[in-house]
Amino acid sequence: METLQGMKRSHHAGDLRKENIGTEVVLCGWVSRRRDHGGLIFVDMRDRSGFVQVVFDEAAMNEGTFHKAESLRNEFCIAVRGKVRGRSEDTINPNIDTGDVEVVCEELRILNKAKTPPFYIQDGIDVDETVRMKYRYLDLRRPEMQANIILRHKVAKAMRDFFDREGFLEVETPVLHNEAGGAAAKPFITHHNAQNIDMVLRIATELHLKRLIVGGMERVYEIGRIFRNEGMDATHNPEFTSIEVYQAYADFHDIMNLTEGIIQHAAKAVKGDGPINYQGTEIKINEPFKRIHMVDAIKEITGVDFWQDMTLDEAKATAAEKNVPVEKHYTEVGHIINAFFEEFVEETLIQPTFIYGHPVAVSPLAKKNPEDPRFTDRFELFIMTKEYGNAFTELNDPIDQLSRFEAQAAAKELGDDEATGIDYDYVEALEYGMPPTGGLGIGIDRLCMLLTDTTTIRDVLLFPTMK
């Protein structure tokens, strides 16, 4: 194989339309397709920016270089020095101008080549997703897959730009925790040899970020990797990326406005200012999001009115009438309300919708609503039946927080794998005083799925978890 010495890349394929005819360029990339026509060889060369056609003309180049071009096959890595010229619709007839360009090669170097012929999904071969993910490094050679990853980068950048502009500070908090907290999820457990203690990989960044609010930092956010030891499906991977945001002296109404703002800002950054299309459905992401209380949403769909006071037995009887499964750890009416929502309402939420007013029983970290303490000042954002964000006015009463943690620990004893234990250190932090605070968490992977019009989370992750 040859080296690049003396041939420093000057352009990417996607840049060439901006160049003048006759400009000398040096390109590096991979051979994707080759066509021969008499004394001409046409090669489609691919780099991260796209494709360009390279022409090897036997009559215009020395014999050794053309002979080298004759050896080119798919997945040869090459460097080319040549001049830009206008590309014809019929590449054999230079008089037909399409406004596109190609490069006429003057010097060719073969830098490397695939020893094993890779599969080509773009050539119509039906490749199972498991195989694609096992050979992810080959799957990423498809332009549409690289486009997904580039969009993901742009989404994260747009989020950073938005929150930096709003005066938030990006921080990093620990991945190893002594106690799982900040979400309802089953953690991964690991062992710290030096201290001889078991620890867990974080299931959320929430509790450490709120410690920073206690410390007076007021506006913080973290884009961080989260780990949950749960099942996998089209929208769940055991490790994923979230952004969590906390703002002192704000409530869930402020955070609702902030959430709408960041989602629309990210969508505009990568898709433009307008609605988006997801799997054939127009999503009016550029318009104000609908806002509705969970109890009202349930009443609209089922006719059941949970505003009325009812006992747990009455709620269970109502669930039985509507064929809503009741789990052993459903010990409060709030559990039944949430089950109704998941059973009947979630599947109807297509356009961006804020569902607020979650029951206390399923919101251990959210502040109670001062007008109706059965419910919390919490909301979730739903689009296309899926949750995209979770937020609330943060609970800052250490006594109430300890009581909520104790209820979670009791649910865990009753078989709720997603319930967490008691984080006494966090309760102590609250004892030193946390100002009124609003908090938000958004799953970046799922948002990228929406914006890339993909149906599986694996297509927006570089290396998803596989068997």
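Tutor: Two strands pair if DSSP finds at least two bridges between them. Helices (H or I, at least four residues) and strands (E, at least two) are DSSP runs, numbered from the N terminus. This is a predicted model, in which local features need pLDDT of at least 70, side-chain atom pairs count only at pLDDT 80 or more, and totals for chains, interfaces and linings use all residues. Residues are numbered from 1 along each chain as its sequence is written, and side-chain values use heavy atoms, without hydrogens and water.

Student: Which residue in β2 does D36 stand opposite?

Tutor: D36 faces I41 in β2. Strands β1 and β2 (residues 40-47) run antiparallel, joined by seven bridges. They form a hairpin with two residues between them, and G38 in the turn has a positive phi of about 60°.

Student: In what sense do β1 and β4 pair?

Tutor: β1 (residues 24-37) and β4 (residues 76-87) are antiparallel, over seven bridges. Here E24 is opposite K83 in β4.

Student: How many residues does the largest nonpolar core have?

Tutor: A nonpolar core is a set of buried Ala, Val, Leu, Ile, Met, Phe, Trp, Tyr and Cys residues joined through side-chain atoms within 4.5 Å; buried means under 20% relative accessible area (1.4 Å probe, protein chains only). The largest has 43 residues, and V155, F163, I243 and L447 have the most contacts inside it. Helix α6 (residues 252-271) gives the most to this core, with nine residues. A second, separate core of 24 residues includes F56, F66, F76 and I110.

How values were computed: Buried < 20%, exposed > 50% of the residue type's maximum accessible area, 1.4 Å probe, protein only.
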